[in-house]
Each structure stands twice: as C-alpha cells, then as structure tokens.
Amino acid sequence: MKLARFAVSLACALALSACAHAGGAGRALAAGQSAQLRPGDSVALPDRSRLRFVEVVNDSRCRPGLQCIRAGEAVLAFELTGGDGAKSALSFDTSAPEPRQRAGAWTLELQSLDFAEPPQATIKLEAE
C-alpha cells in the first residue's frame with residue numbers, strides 16, 4: 001500500500017514538473033491583458049492563434065549599474081501561428097518609439113524586456 005501511494009505521488013510530481021517546463025503551453029492571453037514570456041514560451045490568443053517568443057536576436061542595451069554612451073536596443077523575434085496553422089514572424093525593436101506590431105485582428109505591444117537570464121518580455125494584447 002505504501003509503495004502504491006509513493007508511485008502515485010511520484011507520478012503526480014513528475015506531471016506537475018512537466019507542466020511547469022512546458023513553456024506556458026496552457027496559458028491564454030485575453031484582449032487588454034499582458035503576459036510575461038521567456039524564449040520558448042507561448043500563449044494562446046482568443047481566436048485560437050498562438051504567440052511564441054522565439055528569441056532575443058540582438059541585445060546591445062546598457063545594463064543596469066553601468067554608464068553607457070547610448071542606451072542601446074534589443075530586437076526580439078516572435079512567431080504567430082494562426083488557428084489554421086499558418087505561421088508569421090513578428091519582430092520587436094526596443095528602440096522604436098512604440099514597439100507595436102499588428103498581427104491579424106490583434107495589436108501586440110512590447111511593454112518591457114528585463115535583464116534576467118533568460119530575459120523575460122512583457123507583451124500586451126489589444127483587439128483592433
């Protein structure tokens with residue numbers, strides 16, 4: 001009996017661990033909400049499309065605590081997969097006056113990119 005309880009507890013722990021490392025696969029983002037994503041994470045959008053943070057392509061931003069001649073910039077790559085499976089690439093540049101991209105019925109806004117490793121981006125979803 002103790003062995004059976006242990007086996008069930010172990011199976012549950014492994015399942016929870018897998019969910020925690022699934023890259024936000026079960027998360028959804030509604031219009032007007034923001035989500036924090038790390039490279040590899042994705043969120044479902046209300047129209048059954050999916051937004052995935054692919055990578056930070058370039059990051060020349062001045063790190064906190066350093067004195068730099070210029071602030072620098074970061075370029076982030078995202079992928080939007082529509083409900084029909086069609087994929088489109090999105091790119092955000094932190095040096096843009098308004099880092100926003102239109103994607104189908106949505107406007108995505110890059111609100112922030114932290115300096116953690118791996119970096120975490122905050123994206124806001126707005127309906128058109």
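Predicted model: local features only at pLDDT ≥ 70, side-chain atom pairs only at ≥ 80, totals over all residues.
Figure 1. Strands (E, at least two residues) and helices (H or I, at least four) are DSSP runs, numbered from the N terminus, and two strands pair if DSSP finds at least two bridges between them. Residues are numbered from 1 along each chain as its sequence is written, local features need pLDDT of at least 70, side-chain atom pairs count only at pLDDT 80 or more, and totals for chains, interfaces and linings use all residues. Side-chain values use heavy atoms, with hydrogens and water left out.

**Figure 2. The pairing of E6 and E7.** E6 and E7 run antiparallel and are joined by four bridges. Within this view, Arg102 stands opposite Thr107 in E7. In general, strands of a sheet pair through backbone hydrogen bonds, either parallel or antiparallel.

**Figure 3. The largest nonpolar core.** This core has 21 residues; Leu51, Leu76, Phe78, Leu90, Phe92 and Leu108 are those with the most contacts inside it. At least two of its residues come from each of strand E1 (34–37), strand E3 (50–59), strand E4 (74–81), strand E5 (87–93), strand E7 (106–113) and strand E8 (121–127). A nonpolar core is a set of buried Ala, Val, Leu, Ile, Met, Phe, Trp, Tyr and Cys residues joined through side-chain atoms within 4.5 Å. Buried means under 20% relative accessible area, exposed over 50%, and partly exposed in between (1.4 Å probe, protein chains only). Not counting residues up to four places away in sequence, Phe92 touches, among others, Ala74, Pro99, Leu108 and Ile123; contact means heavy atoms within 4.5 Å.

**Figure 4. The aromatic cluster of Phe53, Phe78 and Phe92.** Ring pairs link these three residues into a cluster. Rings of Phe, Tyr and Trp (its six-membered ring) pair if their centres lie within 6.5 Å; planes under 30 degrees apart count as stacked, over 60 as edge-to-face and the rest as tilted. By this rule the count comes to two aromatic pairs. Phe53 and Phe78 are stacked, at 4.7 Å centre to centre with 10° between the planes. Phe53 lies in strand E3 and Phe78 in strand E4, so this pair ties together parts that are 25 residues apart in sequence. Phe78 and Phe92 form an edge-to-face pair, with 5.4 Å centre to centre and 85° between the planes. Phe78 has 2% relative accessibility and therefore counts as buried; Phe92, at 1%, also counts as buried.

Figure 5. Gly82 is placed in the loop between E4 and E5, and its relative accessibility of 21% makes it partly exposed. Leaving aside neighbours within four places in sequence, Gly82 is in contact with Arg48 and Ser49. Arg48 is in the loop between strand E2 (42–44) and E3. At 73% relative accessibility, Arg48 counts as exposed. Arg48 has a positive phi of about 75° although it is not a glycine.

**Figure 6. The cis peptide bond at Pro118.** Glu117 and Pro118 are joined by a cis peptide bond, with omega about 0°. Pro118 lies in the loop between E7 and E8.
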